[in-house]
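This briefing concerns a single protein model. Please view the sequence and the structure together while reading the points that follow.

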Amino acid sequence: MFEHLPRYAGDPILGLMSEFFADPRMDKVNLGVGIYYDEQGRVPLLDCVAQAERTLVSEHQPRSYLPMEGEPAYRALVHQLLFAKSLNERQFSTSIVQTVGGSGALKVGADFLRSAWPGREVWVSDPTWDNHIGIFEGAGFKVNRYPYYDPATRAFDYEGALTAFKSMPAQSIVLLHPCCHNPTGIQPTREQWKGILDALQASEVTPFLDIAYQGFGQGLDDDAWVIRECAARGMEFLVSSSFSKTFSLYGERVGALSVVSRIHDAELVFGQLKLSIRRNYSSPPIFGAALVARVLGTPALRQLWQSELATMRSRIVQMRAQLVDGLTRLMPGRDFSFLQRQEGMFAYTGLSVAQVQALKMDHGVYAVETGRICIAGLSPHNTDRVCAAFAKVMDKS
């Protein structure tokens, strides 16, 4: 009955995890998957989350279905975290729904947009997270790419991106990373962002902002600057957000989709978002969002979370600096300063597919084929070994 189905090749990142776990080498290093690890190589349980969890469990709350749109208190706190007071609430409104992680937000948003504007096309950065393409193609969109990474300069291709934005057909949908670009870690400057938003407004293009790492780049407010700038400009746009990384709640799947629209359209938008959710999973899960809402809604826990988030961000910055220092020491003739200019969990190393394969096969160091590595997989215990492995595969090129 199903023999005609094509074989699924698997997700390149999740497949890499399986290879890593099957590798018997004791000194192997996983730099592939985008998960934050502490210095001992563990996924941390944040103290603020542990405290909120103990309180919630002690309250013995019932576990009935949430509304399609999710928990109201959680949604209000998402609005506060993303938008602060940037929105002109006399003219614009945010329709926010709780989703099954950031991926669920992208999926609900893609289905909503496809239903509202079936003839539009989507544009994503080159490169981008692979599942961006999969989600929008899965919703029925034609997905195009705009220039982003310049391999010659190992920096943001501002002129190439700007030219693409200016020439996009009106009513196109463009996916943007407000902070911590995945996979490159390269971000436009604020002046460049202003030029980008000017071009998008002139072209009447709809931005879809995917923020999965708020607080891992420059800080909570700085990382949300692009979102708030769009709101302050009176743009209509979408935002998918996630608490997987910043709360270390990967398996709880806590996310949100926010749609900024004119007030007179808000009820229509909210209804269509609920319809999209009903057609997917009916209603979101309770516990992860309850944890986030309890932390963000309790001043002492929120302050603790911000402190723990700052510690995670600081560790990422330190590991990036140690990587650059180690590579520079081993290969003094090469310039690795481009890695220092990147931000967030990921580094775009410029390694070739062959070099990535050599890292895995010869040294037990796992990276994505594009050369992207997860900085949070580094620690004081393995950075020297990783640098030595990099030096060996680079010397052979």
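In which loop is Cys-180 placed? In this predicted model, Cys-180 belongs to the loop between β7 and α7. The points below begin with that loop, continue with two further loops, and end with the pockets.

- Cys-180 is not a glycine, yet its phi is positive, near 50°.
- The relative accessible area of Cys-180 is 3%, and Cys-180 is therefore classed as buried, the cut-off being under 20%.
- Gln-187 is also placed in the loop between β7 (173-176) and α7.
- With a relative accessible area of 16%, Gln-187 counts as buried.
- A polar atom of the Gln-187 side chain lies 2.8 Å from the backbone nitrogen of His-181.
- A polar atom of the side chain of Gln-187 lies 3.3 Å from the backbone oxygen of Pro-178.
- Leaving aside residues up to four places away in sequence, Gln-187 touches several residues, among them Tyr-148, Cys-180, Trp-193 and Glu-343.
- Pro-183 lies in the loop between β7 and α7, and a cis peptide bond with omega of about 25° joins Asn-182 to Pro-183.

**Two further loops**

- Asp-126 and Pro-127 are joined by a cis peptide bond, with omega of about 10°.
- Pro-127 is located in the loop between β3 (122-126) and α5.
- Ser-248 is found in the loop between β9 and β10, and its phi is positive, about 55°, although Ser-248 is not a glycine.
- Ser-248 is buried, having a relative accessible area of 11%.

**The largest pocket**

- The largest pocket holds about 640 Å³ of space.
- Its lining consists of 28 residues, and the closest to the centre are Gly-34, Ser-103, Trp-129, Tyr-213 and Lys-245.
- The elements α1 (12-22), α4 (101-116), α5 (130-138) and β8 (206-211) each give two or more residues to this lining.
- By class, the lining of the largest pocket comprises 14 nonpolar, nine polar and five charged residues.

**The second largest pocket**

- The volume of the second largest pocket is about 460 Å³.
- This pocket is lined by 25 residues, with Trp-117, Thr-206, Glu-236, Phe-237 and Val-260 nearest its centre.
- Elements that each supply at least two residues of its lining include α4, α7 (190-203), β8 and β10 (254-262).
- The lining of the second largest pocket divides into 14 nonpolar, six polar and five charged residues.

Definitions and conventions. Residues numbered from 1 in each chain as written. Predicted model: local features only at pLDDT ≥ 70, side-chain atom pairs only at ≥ 80, totals over all residues. Heavy atoms only, no water. 1 Å grid on protein atoms, 1.4 Å probe; cavity = no way out; pocket = protein on both sides within 12 Å on 5 of 7 lines; lining within 4 Å. Points joined across faces, edges and corners; volume = space filled by probe spheres on them. Helix = DSSP H or I, 4+ residues; strand = E, 2+ residues; numbered from the N terminus. Nonpolar A, V, L, I, M, F, W, Y, C, P; charged D, E, K, R; others polar. Buried < 20%, exposed > 50% of the residue type's maximum accessible area, 1.4 Å probe, protein only. Polar contact = N/O pair within 3.5 Å; in protein donor to acceptor, adjacent residues only side chain to side chain. Contact = heavy atoms within 4.5 Å.
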